[in-house]
There are 2 protein chains.
Amino acid sequence: MIDKASYLIESWSIQESGLDISDLGRSESLFALSNGHIGLRGNLDEGDPHGLPGTYLNSVHELRPLPYAEAGYGYPESGQTVINVTNGKVIRLLVDDEPFDIRYGDLRSHQRAIDFREGVLRRDVEWVSPAGQTIRVHSERLVSFSQRSIAAVYYEIEPVGDPARVVIQSELVANEQLPAWHGDPRAASALESPLRSERHRASGTMVELVHITHRSEIRVAAAMDHEFAGPDSLGVSSESEPDAGRVTATAVLAPGEKLRMVKFIAYGWSEQRSLPALRDQAAAALVAARQTGWPGLVAEQRQYLDAFWKRADVEVDGDPEVQQAVRFALFHVLQAGSRAERRAIPAKGLTGPGYDGHAFWDSESYVLPVLTYTAPDAAADALRWRYATLPLARERADLLNLKGAVFPWRTIHGEECSGYWPAGTAAFHVNADIADAVARYVTITGDERFERTVGLEILIETARLWRSLGHHDLDGRFRIDGVTGPDEYSAIADNNVYTNLMAQRNLVAAADAARRHPDRAAELGVDAEVTASWRDAAENMFIPYDPHLGVHPQSEGFTEHQVWDFANTAPEQYPLLLHFPYFDLYRKQVIKQADLVLAMQRRGDAFTMDEKIRNFAYYEALTVRDSSLSACSQAVLAAECGHLSLAHDYLREAALMDLHDIEHNTGDGLHMASLAGSWIALVEGFGGLRDGGEVISFAPRLPEGLTRLAFGLCVRGRHLRVEVSDSTAVYTVPAGPAMTLLHHGKTVRVVPGQPVSMEVPPTPVLERPKQPSGREPLRFLRLPGTGGRIGPTGPSGSVNSIDG
Amino acid sequence: MIDKASYLIESWSIQESGLDISDLGRSESLFALSNGHIGLRGNLDEGDPHGLPGTYLNSVHELRPLPYAEAGYGYPESGQTVINVTNGKVIRLLVDDEPFDIRYGDLRSHQRAIDFREGVLRRDVEWVSPAGQTIRVHSERLVSFSQRSIAAVYYEIEPVGDPARVVIQSELVANEQLPAWHGDPRAASALESPLRSERHRASGTMVELVHITHRSEIRVAAAMDHEFAGPDSLGVSSESEPDAGRVTATAVLAPGEKLRMVKFIAYGWSEQRSLPALRDQAAAALVAARQTGWPGLVAEQRQYLDAFWKRADVEVDGDPEVQQAVRFALFHVLQAGSRAERRAIPAKGLTGPGYDGHAFWDSESYVLPVLTYTAPDAAADALRWRYATLPLARERADLLNLKGAVFPWRTIHGEECSGYWPAGTAAFHVNADIADAVARYVTITGDERFERTVGLEILIETARLWRSLGHHDLDGRFRIDGVTGPDEYSAIADNNVYTNLMAQRNLVAAADAARRHPDRAAELGVDAEVTASWRDAAENMFIPYDPHLGVHPQSEGFTEHQVWDFANTAPEQYPLLLHFPYFDLYRKQVIKQADLVLAMQRRGDAFTMDEKIRNFAYYEALTVRDSSLSACSQAVLAAECGHLSLAHDYLREAALMDLHDIEHNTGDGLHMASLAGSWIALVEGFGGLRDGGEVISFAPRLPEGLTRLAFGLCVRGRHLRVEVSDSTAVYTVPAGPAMTLLHHGKTVRVVPGQPVSMEVPPTPVLERPKQPSGREPLRFLRLPGTGGRIGPTGPSGSVNSIDG
């Protein structure tokens with residue numbers, strides 16, 4: 001057997017050398033391909049061995065009952081969970097009379113790579129069968145950005161030394177057996193055999209299978225077709241049964257002779273469309289893909305990605321790991337959202353079943369800020385999905401005795417699926433997060449039609465929610481009591497600063513949008529009295545402050561709680577939620593993830609710089625980062641406060657979350673928010689991008705070690721390029737009208753074709769804030785130059801012990 | 001068919017005339033017999049029809065999994081639920097060839113009664129069979145106070161008009177079929193066939209069945225034996241099978257001739273004892289009972305109750321309904337606790353499966369105050385049960401990252417069985433409630449041995465808990481954050497006044513007890529430094545106060561929350577918990593049950609009279625009494641504040657909770673705490689009894705309409721009799737040393753044999769506080785004189801609409 005897998009540090013690709021059979025799940029997530037519509041985990045072509053087989057179609061889910069030891073009014077009774085659908089990736093190979101299985105025989109070499117400019121997973125294997133026959137397998141796989149129903153595989157086999165008889169079985173398999181669930185509440189509950197066969201047919205090189213889910217009644221059509229090239233001895237046959245279809249090709253190959261196959265896979269699914277309609281849809285997609293052909297699909301892929309990188313690439317000089325990680329991140333964020341098209345972007349994209357395939361607030365708060373600047377159409381589509389769920393959100397509000405709309409904490413289809421209300425229903429901030437994403441999208445793109453047809457109604461319904469959720473106290477302050485903020489180690493608290501500030505923005509944004517579209521607002525029942533009451537609530541929004549400590553409490557009373565006993569918490573007791581009861585966590589000062597810090601990131605206008613510095617230091621000492629959503633926000637605020645080295649550390653932690661499997665659950669899928677967070681840490685952190693004001697603003701500053709940072713942003717149809725070095729920042733707009741921005745508070749006018757160079761002011765020298773003992777940011781071994789290997793993550797279960 | 005059931009207002013009994021087949025469950029609870037060890041619902045002898053068949057043995061339960069939609073650390077995974085055990089009540093009767101079933105033929109008359117001085121359920125039926133045969137059945141049933149393993153039935157049948165052949169089948173039945181569960185979360189989850197047969201035997205007039213529960217592995221032996229008297233034609237046989245045993249007697253009776261049967265039923269159960277041991281235990285109990293005979297058992301019963309009433313009777317002149325209700329209540333509280341003997345007193349006693357048969361804080365907070373003064377040995381035994389569960393409570397504390405002991409919120413066997421932690425685990429006050437019950441028992445009885453061997457350790461372990469649960473803030477205040485007080489419409493709040501005041505008392509009581517038993521305390525690891533830290537925490541206990549409103553917030557910040565929109569809450573939306581989410585309830589000012597008011601009751605020393613009056617009025621306007629635990633405390637504080645008429649209304653509501661089925665769930669069992677509450681409302685309310693100080697104190701005052709109140713209390717071995725009229729209170733101690741007490745703040749010395757008469761001061765005139773619209777206390781039609789009928793409860797689902 002060859003060495004364990006290692007990943008090379010390359011600026012434009014992820015490359016794996018060797019294979020770690022005990023850690024296949026992680027590599028399957030890292031090498032997952034998706035276009036937001038279809039997602040294929042990076043399973044080996046031959047199916048076995050696997051960490052977790054995974055083929056996902058956006059929104060295809062099954063229902064499952066949500067049980068409660070003690071029931072309560074308004075508890076959701078039905079959950080939704082993503083299912084592993086019909087798998088078209090499987091290509092089994094028989095060499096002479098032995099199956100190609102890397103666990104047997106001798107695996108001479110095994111290489112996998114995705115070049116982010118290509119969007120194709122390439123694999124090269126040299127294997128000696130137990131009987132001594134050497135073969136080379138080369139395969140390529142893509143999920144098409146240009147033809148969203150299509151995935152395709154190019155597969156090539158060549159004997160070495162001796163002639164060989166090979167049999168290729170290209171399969172389509174439904175209801176695959178899945179490994180047993182491993183008990184982590186953050187993972188998914190796998191459902192067995194979620195699909196019921198409705199139709200199967202094999203004909204020539206084509207197979208089609210149609211299934212329907214048992215309870216959610218979603219119909220899924222999957223079809224495959226093939227092209228073969230090989231010696232004259234090549235023979236092809238096909239067959240099907242309810243849960244499987246197979247096209248078999250066989251040939252005797254002389255050494256150096258190759259058998260080549262292209263496999264086209266098409267999917268169609270719907271809650272409503274009939275069996276014949278879906279069958280025809282998949283068949284039609286196949287015809288188009290065959291006509292395009294493999295080289296055509298590859299070329300379209302490259303073209304799509306070229307356009308993306310042209311506008312979105314982030315260049316980082318001085319930290320090759322971060323350079324690789326941010327491109328890896330942008331690639332996966334694009335994959336998650338590019339063609340999701342009015343369906344949700346789940347927390348794990350379509351890379352794995354983690355969190356049951358649900359979308360959370362992560363989507364609007366982390367992923368959409370990136371997509372808004374780099375793939376704005378994808379951002380708009382994701383918000384259109386939320387818009388499509390407004391009727392369900394209105395029903396939920398009604399059930400909860402509230403006005404407007406209450407969007408779910410976690411869902412696939414739009415219904416609330418959270419089975420624990422203190423961390424679900426009570427986390428109302430998701431509604432402001434959605435409204436904030438709407439407002440950002442409209443501000444940055446200037447898409448007035450979107451605002452009028454989609455955004456306005458979301459803003460209005462969420463503003464109505466906040467107005468009914470809060471109330472004025474006797475002093476006239478507008479309070480929002482008993483809610484849960486972003487930090488999941490607190491719950492059901494009064495006047496969470498993040499929630500109140502985001503609600504404030506929501507109320508004002510809704511009133512402003514209603515003023516821009518008074519006729520449409522009137523149709524929605526909003527007049528000047530209504531908007532006045534929103535503005536009043538926003539103006540009087542209560543933001544608690546602790547004058548003794550000189551900091552903002554995360555929620556009212558928070559700073560009076562007992563500080564967690566960090567000194568007596570052992571490294572293996574993290575994440576705390578697996579070792580301490582919520583009761584204990586909620587009542588103490590201990591923070592899972594940025595909450596007040598996130599408030600300072602999103603609503604920086606509500607804090608003075610002094611407050612930011614004091615608050616940041618205070619919350620640093622309490623934050624354990626048991627959530628992958630935290631490091632990027634800490635990076636942003638650290639950078640703003642001038643703690644540039646600390647910001648760099650957090651950037652690296654966010655960026656390397658999945659590449660280093662820091663939370664030991666990358667195998668369940670990639671953390672989309674943390675991936676987006678690496679962009680956020682760079683662009684909002686070291687670029688200092690803020691977009692809450694009249695014009696977008698920058699406050700770039702690089703930490704020691706980073707010599708250059710360049711990034712592109714789509715702003716109102718223009719491509720703004722920002723290039724930051726140690727001493728200067730250069731702003732460039734290639735074409736379009738001139739634009740105005742702020743650079744460290746100074747107004748800058750950027751005329752197309754005339755780059756503006758601005759000085760970067762010096763960084764104040766501040767003491768580095770302390771983190772809880774043992775929870776300092778990870779400091780990975782930084783490797784010089786490119787061509788190194790992705791460093792170690794530290795001993796299992798103790799990710800924080802290295803070089804701290 | 002005869003008229004619906006009606007209940008007569010009699011001072012010493014509950015009497016039913018007629019039968020309401022649609023409401024059998026309620027009558028089965030009202031006529032339940034128990035000695036705290038065995039409980040028999042008042043099912044008809046012949047088994048059918050029934051509301052809910054029920055035979056309970058204290059602590060006999062089955063385990064069931066507690067499921068969670070989203071799991072969490074420390075969530076109990078196994079629940080306990082009371083089971084319906086082998087039923088020995090069933091006596092089927094065949095008259096000629098027709099079964100005696102009141103649903104068929106013609107029920108001429110049906111009377112049932114329990115005289116509280118006798119403790120025997122008597123039933124008289126005259127029935128005409130469908131074929132026209134008239135019979136009279138007279139039966140009597142008891143659960144023996146003197147022989148705690150024994151229940152017995154006297155059964156007599158007599159034909160009227162024509163001779164009849166009768167067959168009596170006296171049965172012992174396991175795994176009876178139960179009606180389907182009706183979905184109310186406050187009810188129980190019935191388990192099907194919880195018992196597995198281990199042995200069955202029939203011999204002569206005797207049958208024995210031994211079963212074991214499947215998962216909890218509790219072995220239950222049940223046996224019955226019989227005596228018959230009848231004409232010479234009498235023939236008797238017996239048989240058994242795994243889940244049933246039967247003794248059959250048959251005779252031809254001439255008109256006026258009777259067939260008489262006495263049935264003795266014995267139970268034995270254990271988690272540990274072997275099958276032969278338990279079998280023999282039940283058989284031995286049967287032998288003793290047969291030797292005593294039916295008249296003997298009846299006489300012993302009367303003797304036991306005579307002694308009880310002599311010390312415990314409460315006389316109320318002027319409100320015959322309350323007179324009846326308080327004796328009904330005392331009788332059932334005695335039944336629940338008298339022979340429980342180191343097992344729990346469940347919230348429903350042994351009268352029904354409601355709340356899964358669990359014991360809650362109700363036991364210590366409502367039932368034990370009554371038993372401490374009326375049946376102190378029973379109170380001691382109930383606390384010994386808690387003591388026996390200390391090892392489990394220490395384990396639970398450890399799991400929760402706390403010191404000392406954490407007693408469960410709900411349990412049968414001692415393990416936490418609450419599946420919803422915000423209203424379970426977080427309700428830490430249960431620990432102070434237990435400690436308070438210990439301290440009261442020791443103060444009132446002077447039982448030093450109990451304190452040394454049982455009480456001290458409970459006080460110490462609960463004090464340790466509070467010391468670790470709270471912390472000092474920067475101002476040196478001792479805070480207890482994130483807990484849930486008694487009011488279940490609030491949760492997870494900081495510095496709940498009730499909790500903090502009760503914890504304060506707990507800490508001081510533990511320190512005082514340790515000072516009295518320094519050697520024993522030292523063995524338990526408690527030295528002067530430890531007790532000093534308890535006294536320090538108690539001294540600096542933070543009691544929040546709202547200076548603007550001039551009231552104590554129930555918990556910190558409570559008075560700043562939005563007031564519930566009572567005006568727009570419809571009568572059918574109560575109880576609120578069935579129509580609104582916890583999220584909504586928790587964050588608003590709406591109160592299910594006395595919380596701050598209970599704090600003023602139990603810790604009256606911590607409030608000035610002005611504060612009490614202001615607080616009481618404030619919380620009256622917020623309290624909806626969706627809990628049966630509330631009215632009695634409101635009665636007590638209303639009386640203290642001088643709202644005597646309001647106190648009378650609340651007294652009546654507490655006292656008539658089950659007799660009028662106010663919460664529509666009496667069928668699941670009687671509300672022991674509310675029953676105890678009728679005594680509390682009278683004795684602590686109009687008697688003004690308080691026992692937190694150096695000596696017990698009284699502040700008697702009667703409302704208009706009550707002309708006399710007299711009650712007896714056991715205080716340090718003496719019987720103190722208090723007799724209150726409009727203008728005077730007379731204190732009498734028949735024997736023993738003199739005692740000192742307070743009467744309206746004046747010290748009174750009562751010498752045995754010399755009644756002391758004290759003047760009752762006039763009541764200040766205050767405005768009657770307002771309740772939420774539609775939630776005023778029930779004002780039942782008050783009927784003049786005795787001999788009336790128990791009044792209506794108002795239209796179903798709208799208990800508050802009458803005469804409000």
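## Residues with positive phi

B:D96 lies in the loop between β8 (91-95) and β9 (98-99) of chain B; helices (H or I, at least four residues) and strands (E, at least two) are DSSP runs, numbered from the N terminus. In this predicted model, local features need pLDDT of at least 70 and side-chain atom pairs count only at pLDDT 80 or more, whereas totals for chains, interfaces and linings use all residues. Residues are numbered from 1 along each chain as its sequence is written, and chains are lettered from A and ligands numbered from 1 in the order in which they are written. The phi angle of B:D96 is near 50°, a positive value in a residue other than glycine. B:D96 is partly exposed, with 17 other C-beta atoms within 10 Å. A residue is buried if 20 or more other C-beta atoms lie within 10 Å of its own, exposed if 12 or fewer, and partly exposed in between, with C-beta atoms placed from the backbone.

A:N495 is a residue other than glycine with a positive phi, near 50°. A:N495 sits in the loop between β23 (478-479) and α9 (497-516) of chain A. With 27 C-beta neighbours inside 10 Å, A:N495 counts as buried.

## Cis peptide bonds

The peptide bond from B:D48 to B:P49 is cis, with omega near -10°. B:P49 belongs to the loop between β4 (38-40) and β5 (55-57) of chain B.

In chain A, the bond from A:Y574 to A:P575 is cis, with omega near -5°. A:P575 is placed in the loop between β24 (562-563) and α12 of chain A.

## Annotated binding-site residues

An unreviewed UniProt entry carries the annotation "binding site" for A:W361, A:D362, A:K592 and A:Q593. UniProt positions are given in the numbering used here, feature names are shortened, and annotations may be inferred rather than shown by experiment.

A:W361 is part of the loop between α3 (320-337) and α4 (362-374) of chain A. It counts as buried, with 22 C-beta neighbours inside 10 Å. Leaving aside residues up to four places away in sequence, A:W361 touches A:H429, A:V430 and A:D433; two residues are in contact if their C-beta atoms, placed from the backbone, lie within 7 Å. A:Q593 is located in the loop between β25 (588-589) and α13 (596-602) of chain A, and it counts as buried with 22 C-beta neighbours inside 10 Å. Its contacts, not counting residues up to four places away in sequence, are A:P486, A:D487, A:E488, A:R625, A:S627, A:L629 and A:S630.

## A buried glycine of chain B

B:G349 lies in the loop between α3 (320-337) and α4 (362-374) of chain B. B:G349 is buried, with 30 other C-beta atoms within 10 Å. Residues up to four places away in sequence apart, B:G349 touches B:S34, B:G39, B:H332, B:Q335, B:A336, B:G669, B:L670 and B:M672. B:G349 and B:A32 are 317 residues apart in sequence, and their C-alpha atoms are 9.8 Å apart in space.

## Overall fold and domains

Chain A contains 17 helices and 32 strands. The radius of gyration of chain A, taken over C-alpha atoms, is 27 Å, close to the 28 Å that the globule rule gives for 804 residues, so chain A is as compact as a globular protein of that length. The globule rule is 2.2 Å times the number of residues to the power 0.38. Along the principal axes, the C-alpha atoms of chain A fill a box of roughly 85 × 60 × 55 Å. Of the 804 residues of chain A, 59% count as buried. Among the contacts in chain A with a separation of 6 or more, 69% are between residues 24 or more positions apart.

The domain assignment gives domain 1 (6-64 + 76-177 + 194-310), domain 2 (313-693) and domain 3 (694-761) in chain A; domain bounds come from an automatic or database domain assignment. The centres of domain 1 and domain 3 of chain A, taken over C-alpha atoms, are separated by 43 Å. The unreviewed UniProt annotation "domain: Glycoside hydrolase family 65 C-terminal" covers residues 689-750 of chain A. Over residues 689-750, chain A is 0% helix and 53% strand, and the end C-alpha atoms are 16 Å apart.

In chain A, 43 residues are in contact with 43 residues of chain B. Helix α12 (residues 582-586) of chain A provides the largest share of the side of chain A that touches chain B, four residues. The residues of that side divide into 21 nonpolar, 13 polar and nine charged. Here Ala, Val, Leu, Ile, Met, Phe, Trp, Tyr, Cys and Pro count as nonpolar, Asp, Glu, Lys and Arg as charged, and the others, Gly among them, as polar.

The same surface serves both copies, as 100% of the contact residues of chain A recur in chain B.
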